[in-house]
Amino acid sequence: MMNHKYDNRKYLIGFLAILVVFVYIVRLFQLQVLDKGYRESADNNALLYRTIYPMRGAIRDRNGKLIVSNQPSYDIMVTMRSVQNLDTLSLCSLLGITKSEFDARMAEIRDPRRNPGYSRYTRQPFMFQLSASEISSLKQELYRFPGFEIENRTIRRYEYEAGAHMLGDLGEVSKKDIEDDSYYEKGDFIGKQGVEKYYEKELRGEKGVEVLLRDARGRIQGSYRNGELDREAVPGADIELGVDIELQQLGEMLMQNKIGSIVAIEPSTGEILCMVSSPSFKPSELTGRHRGENYNRLAAQFDKPLFNRTIQGTYPPGSTFKTAQALTLLQENIIDENTLYPCHNGFIFGRLKVGCHSHSSPISLVPAIATSCNGYFCWGYYHMIGANKYGSPQKAMTVWKDYMVDMGFGYRLGVDLPGESRGMIPNADYYDRHYRRSWNGLTTISNAIGQGEVTLTPLQIANLGATIANRGYYIVPHVLKSGQFAKDSLYMERHYVNVDTCYYNLVVKGMRQSVIDGTCHAANTPDYLVCGKTGTAENKGKDHSVFMGFAPMYNPQIAIAVYVENGGFGAVYGVPIGALMIEQYINGGLSEESQRKALEMSQREIYYGESKR
């Protein structure tokens, strides 16, 4: 008699066995066909994806002279999993580092707080930007140090040790850089300042990749699939700047031992011809493995050589600002060419006095510009703020402020460099807060002569010169001349100021007269017609020396601003430096006499409290 109980158990066991086999088959199908994760993990263990870094775009000046190029550099990478039986002392000796430095770097790599996403299976940067001479000994002995490898990179090479603030520098990417742009990985380099930062995406190019096959011990066996998965790197775009590197070099020489800046612009295009910020430093100091220590040393100096005074420094413009006041007063019909104002060694109203040097009185507009008369522009400003046609000082101040903004003051111009400051143009609300609405033209009289609350950057002062040279318009100043990409339309459009051309012609006449027999006489030359305006900007210590001008008078080629901190009268430093810069650019060089003057100027020192420059 058959036992059905055991027959049923046999079928149940068979069914369970079939079910287990089926589950295994399904799971294997998922892992091998549907789920790519495990396959990718296996591939990642067998394949090495080596990044090929592109050549960064070269930088040339307006005459095609190479300013910044590339030279070979080497990074040392380490894969912790592969480090075995390491002869640490030998490796340190070959790299020129101490055992403690080695240990500190390895600990930093392993620290998840300082190196988020660390994995002992992935390559980590150990040392950056070594030169060929620094790496040569290690190359021959590299086989002795499993887990360490050398990666070819490039480093910036400077053909001229000039223009550091404008050109900028490269530094290792931060965590935020990586979060903001998936292009970057830990150990990559990115533009930190200047042109290198502003045009980073154009200059950097596109990375390539080389896929290599590894054996079970991690040793490279060769190219995977004969390189069919490899991708070549795309070099970065070359760019040409509007800068004249020889003019830049001269400017930096003239500003030795001084604190301040020089900015020159080609009026017809808005291209920046030079940007000198003093004190400066050699651009090569912020390259290579010693970049960090050099940066810290420069950052600790009291005179702030890392600070770009051309676009970040804000100063009282002094009497260069009187040209903007003249244009405003003329357009608003507060004055005309023949309006006379008294100047008895300054503007005097009751017990208020704004001093001025001795000259004829009363005086009209053109000679007032030529002699830089404080009294004239104080009276004009006072009459505008108190004019009945505006109804109140607040409304008059708003009109005045709008003219200043239209001329490019009080807001960033939009130069193609990071870190630009806006300067300060006070408005009615500012004075209402400070004086509880009880103020007038006398309260704010310092605005008339570029003092008080008014501050501009040297770039804005130079742009004022370019606007006057163009008789009423400017193109936003920019360092880029051309590149292998489209130029921003902002740097090609003319911005017309709401002031009639005829009034600009009057200001030009006054600036020309200033060079013929006024405060800018030292800039006069028979070779071309120079127009200029000095400034002596008041300061808590010694006054600042300022010059703003352009040349030639007709079809101008260069507009310039010179600002020397604590240099005294504008004629002492501003005018002679400006005159030499104009000569260099227009004539393509300096005469023997001017070369002597340039050498003398470069050796002149100004004392700045903690030391002399």
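Analyst: Contact means heavy atoms within 4.5 Å. By this rule Tyr381, Met384 and Ile385 in H14 meet Pro393, Ala396, Met397, Val399 and Trp400 in H15. The residues of this contact of H14 with H15 are eight nonpolar, no polar and no charged. Here Ala, Val, Leu, Ile, Met, Phe, Trp, Tyr, Cys and Pro count as nonpolar, Asp, Glu, Lys and Arg as charged, and the others, Gly among them, as polar.

User: What kind of model is this?

Analyst: This is a predicted model, where local features need pLDDT of at least 70 and side-chain atom pairs count only at pLDDT 80 or more, while totals for chains, interfaces and linings use all residues. Residues are numbered from 1 along each chain as its sequence is written, and side-chain values use heavy atoms, with hydrogens and water left out.

User: Why is H14 called oblique to H15?

Analyst: Helix H14 (residues 374-385) and helix H15 (residues 393-406) pack at an angle of about 125°, their axes 8 Å apart. That angle makes H14 oblique to H15, because under 35 degrees counts as roughly parallel, over 145 as roughly antiparallel, 65 to 115 as roughly perpendicular and the rest as oblique.

User: How many cavities of 30 Å³ or more does the structure hold?

Analyst: There are two. A cavity is a set of points on a 1 Å grid where a 1.4 Å probe fits but cannot get out, and its lining residues have an atom within 4 Å of a point. The largest has about 40 Å³ of space and is lined by Gln129, Ile155, Arg156, Leu170, Leu286 and Thr287. By class, that lining has three nonpolar, two polar and one charged residues.

User: What lines the second largest cavity?

Analyst: Its volume is about 30 Å³, and the lining is made of Gln325, Thr328, Leu329, Tyr381, Met384 and Trp400. Helix H12 (322-331) and H14 are the elements that give two or more residues to this lining. H12 gives the most, with three residues. Tyr381, Met384 and Trp400, which line this cavity, also take part in the contact of H14 with H15.

User: What makes Asn463 buried?

Analyst: Buried means under 20% relative accessible area, exposed over 50%, partly exposed in between (1.4 Å probe, protein chains only). Asn463 has 1% relative accessibility, so this residue counts as buried. Asn463 is in helix H17 and touches Ile265, Met407, Leu413, Tyr474, Ile475 and Pro477, leaving out residues up to four places away in sequence.

User: Is Gln451 buried or exposed, and how do you know?

Analyst: Gln451 has 7% relative accessibility and therefore counts as buried. Gln451 sits in the loop between helix H16 (428-435) and helix H17 (458-469). Apart from neighbours within four places in sequence, Gln451 is in contact with Pro316, Gly318, Ser446, Thr536, Ala537 and Glu538.

User: Why is Arg436 called exposed?

Analyst: At 77% relative accessibility, Arg436 counts as exposed. Arg436 lies in the loop between H16 and H17 and has a positive phi of about 50°, although it is not a glycine. Ser372 has a positive phi too, near 55°, but Ser372 is buried because its relative accessible area is 8%. Ser372 belongs to the loop between H13 and H14.

User: Which omega goes with the cis peptide bond from Ser361 to Pro362?

Analyst: Omega is near -5° for that bond, and Pro362 is in the loop between strand S14 (352-355) and helix H13 (365-371). The peptide bond from Ala551 to Pro552 is also cis, with omega near -15°.

Definitions and conventions: Axes are lines fitted to C-alpha atoms, for helices over the stretch in contact, and angles run from 0 to 180 degrees between N-to-C directions. Helices (H or I, at least four residues) and strands (E, at least two) are DSSP runs, numbered from the N terminus. On a 1 Å grid over the protein atoms alone, a cavity is a set of points where a 1.4 Å probe fits but cannot get out, and a pocket is an open set with protein on both sides within 12 Å along at least five of seven lines; lining residues have an atom within 4 Å of a point. Grid points are joined across faces, edges and corners, and a volume is the space filled by probe spheres set on the points.
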